[in-house]
Amino acid sequence: MKRLSEMEAYIPGEQPQDKTYVKLNTNESPFPPAPEVVRVLSQQEIEKCNLYSDPTVSSLNRAIADFYDISPDRVFVGNGSDEVLAFSFQAFGDLSHPMFFPDITYGCYRVFAELYNIPFTKIPLDDSLAIRVEDYQNVQGTVVIANPNAQTGTYLSLDSIANLVQQNQDRLVIVDEAYIDFGGESCIRLTDQFDNLLVVQTFSKSRNLAGARVGFAVGNRNLIQDLYQIKYSFNPYNINRLSMLAAKAAIEDRAYFDSCRLHIIQNREWTREQLETMGFTLTKSKANFLLAACSRISGEELYRNLKSRGVLIRYFPDARIQNYIRITIGSAEQMQILIQNIKDILGGL
Ligand SMILES: Cc1ncc(COP(=O)(O)O)c(C=O)c1O
């Protein structure tokens, strides 16, 4: 199909299968899933895979609702937040509801808009690579914001999000909180008050389950019903049995969740200090990654050099951030290896 061959699909970060890297390129957690996750995936449960999974995802829905103290019918669970976002674009974007999102953000927003023929406008980040919420005040259409933003990690306060949502209650605002648990404050509680807010989260980052593919949305019942309409018209059993059990066990272990995310925050701040000491410029990231640039070496060169030393990070070709590298925050040991390698590379220039 010409339309598809001309489309620029999303290019996922490398997932090398050949050798083991210090893998700091796709914002996964360095920590294993919560201990209970492993326990619930018993042989008995695996043997039940001859039967379809629960299309209503009721037990996981309830566990998510309990965590956020909301009613389960305000939760929608998808196969990764990518699926939740794709359904949201399908549901809430069309010719009369164009989409507005930042010029530097999660690459799937553009891809979904093109896939579903939704007109879209990219709104430039400011010079410090942060979202200026005022720029979205008068836009007529659906606003999509990642908070903290993808690639830059910059964060908007709860008050800023509340202002944006309040300004025009006829307009939907989708807030993608994939990275919210690393120091930000979720706007999920604003969904009690505002019907035009849909919040999307994932189990891939702070809940250590990227490979299980589970994400969810929280919003008013009508928005959630719209997402169900799309799911039941596309893939009714979108969450498999094992992922459902794994995600439920993960969200129920609050102590493990807190301990993992606090470690990431500590490791991020240590890494930031080390990079700043070496002369890097960094955005104000509140995510599980840092975006950093060094005037002595291009992002691409540093990426290649680190890869040859067994450390995988990411760089982006977008003109505004092409001098930067994006480093996922891993364990303390992984960050020490990264910093030592960067020191060696810069020392050899
Ligand atoms: C901002 C943002 N949203 C959503 C996703 C998708 O996450 P997943 O589909 O693993 O839930 C990512 C992945 O990196 C992301 O950066």
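This is a short tour of one protein model, from its overall build down to a few residues.

The model is predicted, so keep its ground rules in mind: local features need pLDDT of at least 70, side-chain atom pairs count only at pLDDT 80 or more, and totals for chains, interfaces and linings use all residues. Residues are numbered from 1 along each chain as its sequence is written, and side-chain values use heavy atoms, with hydrogens and water left out.

**The whole protein**

The protein has 12 helices and 12 strands; these are DSSP runs numbered from the N terminus, with helices being H or I of at least four residues and strands being E of at least two. Its C-alpha atoms fill a box of roughly 60 × 55 × 45 Å along the principal axes. The radius of gyration is 20 Å, which agrees with the value near 20 Å for a compact globule of 349 residues. That radius is taken over C-alpha atoms, and the globule rule is 2.2 Å times the number of residues to the power 0.38.

Of the 349 residues, 54% are buried. Buried means under 20% relative accessible area, exposed means over 50%, and partly exposed is in between (1.4 Å probe, protein chains only). As for contacts (heavy atoms within 4.5 Å), take those with a separation of 6 or more: 73% of them come from residues 24 or more positions apart.

The accessible surface is about 15800 Å², and carbon and sulfur atoms own 48% of that. These areas come from the Shrake-Rupley method with a 1.4 Å probe; for residues, only the protein chains shown count as cover.

**Two threonines in strands**

T328 sits in strand β12 (residues 324-328). Its side chain makes a polar contact of 2.7 Å with the side chain of N27. A polar contact is a pair of N or O atoms within 3.5 Å; within protein, one must be able to donate a hydrogen and the other to accept it, and residues adjacent in sequence count only if both atoms are side-chain atoms. Not counting residues up to four places away in sequence, T328 touches L24, N25, T26, N27, E28, N288, F289 and M335.

T202 belongs to strand β7 (residues 197-202). A polar atom of the T202 side chain lies 2.9 Å from the backbone nitrogen of S204. With neighbours within four places in sequence set aside, T202 is in contact with S81, A178, V214 and G215.

**Spots in the loops**

G93 is in the loop between α5 (80-92) and β3 (99-102). Outside four places in sequence, G93 is in contact with S88, M99 and I118. From G93 to L338 is 245 residues in sequence and 41 Å in space, C-alpha to C-alpha.

The loop between β5 (142-146) and α7 (158-167) holds P148, and the peptide bond from N147 to P148 is cis, with omega near -5 degrees.

Next comes the loop between β7 and β8 (215-218), where N208 is found. Phi of N208 is near 60 degrees, a positive value in a residue other than glycine. R213 is placed in the loop between β7 and β8 too, and R213 has a positive phi of about 60 degrees although not a glycine.

Here is how accessible these residues are:

| Residue | Relative accessible area | Class |
|---|---|---|
| T328 | 2% | buried |
| T202 | 3% | buried |
| G93 | 9% | buried |
| N208 | 10% | buried |
| R213 | 29% | partly exposed |
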